[in-house]
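Here is a short briefing to read alongside your structure. Have a look at the model first, then work through the points below.

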Amino acid sequence: MFNGILNIYKEKGYTSHDVVAKMRGILKQKKIGHTGTLDPDARGVLPVCLGQATKLCDLLVEHDKTYKAVMLLGIETDTQDTSGKILLEKPVTCSEELVRNAVLGYIGIYNQVPPMYSARKVNGKKLYELARQGKVVERKSRQVSVYDIHIEEINLPEVTMTVKCSKGTYIRTLCHDIGQTLGCGGCMKSLIRTQTGQFRLEESITLSQLEKIRDEGLLEQYMISVEEMFETCPAVYVKKEADNLVWNGNPVKPEMTETDIDSQFENGIRCRVYDSSRRFLGVYEFDKENHRLKVWKMFQQ
């Protein structure tokens, strides 16, 4: 079984679940999970976790994201992108300066209402399932953070921009909201996710490339190990007599390690724990009050 993370380029027309299903066939492995949904019409970075690394899926979803989007002003749709049914069309009469100010005005924290065509749930039902039944329900707004917007080009009615934002931000809704601010309506024409956390577009591979890499026996060269994901965390090595305890996920006391964790670590710090043979076992957190390391996530096979 493969254990690690692959930076996959999700192509247009696939859902994130489609990518996982295809990878299960390519790699002959069931234990695979993705780290953040991309709409079928969107493209770009989709980190996919294999084997023991699936324990990191929830953690990687939390990462900030960067997108390159094309916003189309003058049109509103039921899906908030150009794949949907047109609800409104208006001429775009505002100036480039007005558009620029409206776009940049969304930098910061703002309350965003998730679109009906989304995987969010209301009363246990996914919004897109209700939307397909022709239903519209009230959705609570959520605070999202737009850290930066760089306007690449304004060629009205289109605006090309790069957006860096927090997890859970809908770029289609951002386009819709900017259109509302301008009074002409707006929707998203195209979207590419260029980065999520440390995973970048230029380092991603397509599913067809993955098949070739598999056939050439080069998969390990493209896979990021779980250990690498925590390379900024300090390493702690336990003594041989403590191996059985850590193999079973027990807390680690200072006298069981080669490191003076009591004096060197602050409360809550996470560290990589290894057995006496230098095998990576998992990530622990330091509990200063009780003078011990306790398991955060175990990854040993």
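Where does glutamine 52 lie? In this predicted model, glutamine 52 sits in the loop between β3 (43-50) and α2 (57-61).

**Glutamine 52**
- With a relative accessible area of 11%, glutamine 52 counts as buried, because buried means under 20%.
- Its side chain makes a polar contact with the side chain of lysine 55, at 3.1 Å.

**The protein overall**
- The secondary structure consists of 10 helices and 17 strands.
- Along its principal axes, the C-alpha trace spans about 75 × 45 × 40 Å.
- The protein has 301 residues, and 47% of them count as buried.
- Among contacts with a separation of 6 or more, 64% are between residues 24 or more positions apart.

**Surface and charge**
- The accessible surface is about 15500 Å², and carbon and sulfur atoms account for 45% of it.
- There are 42 positive and 40 negative side chains, with the centres of the two sets 6 Å apart.

**Cysteines**
- The disulfide count is 0, with a cut-off of 2.5 Å between cysteine sulfur atoms.
- Cysteine 49 is in no disulfide, because its nearest cysteine sulfur, that of cysteine 57, is 3.9 Å away and a disulfide needs the pair within 2.5 Å.
- Cysteine 49 is also buried, with a relative accessible area of 0%.
- Cysteine 175 is in no disulfide either, and the nearest cysteine sulfur, that of cysteine 187, is 7.6 Å away.
- Cysteine 175 is buried, with a relative accessible area of 0%.

Technical notes. Residues numbered from 1 in each chain as written. Predicted model: local features only at pLDDT ≥ 70, side-chain atom pairs only at ≥ 80, totals over all residues. Heavy atoms only, no water. Helix = DSSP H or I, 4+ residues; strand = E, 2+ residues; numbered from the N terminus. Buried < 20%, exposed > 50% of the residue type's maximum accessible area, 1.4 Å probe, protein only. Contact = heavy atoms within 4.5 Å. Areas by Shrake-Rupley, 256 points an atom, 1.4 Å probe, with all protein chains shown as cover. Lys, Arg positive; Asp, Glu negative; His and termini not counted. Charge placed at Lys NZ, Arg CZ, Asp CG, Glu CD. Polar contact = N/O pair within 3.5 Å; in protein donor to acceptor, adjacent residues only side chain to side chain.
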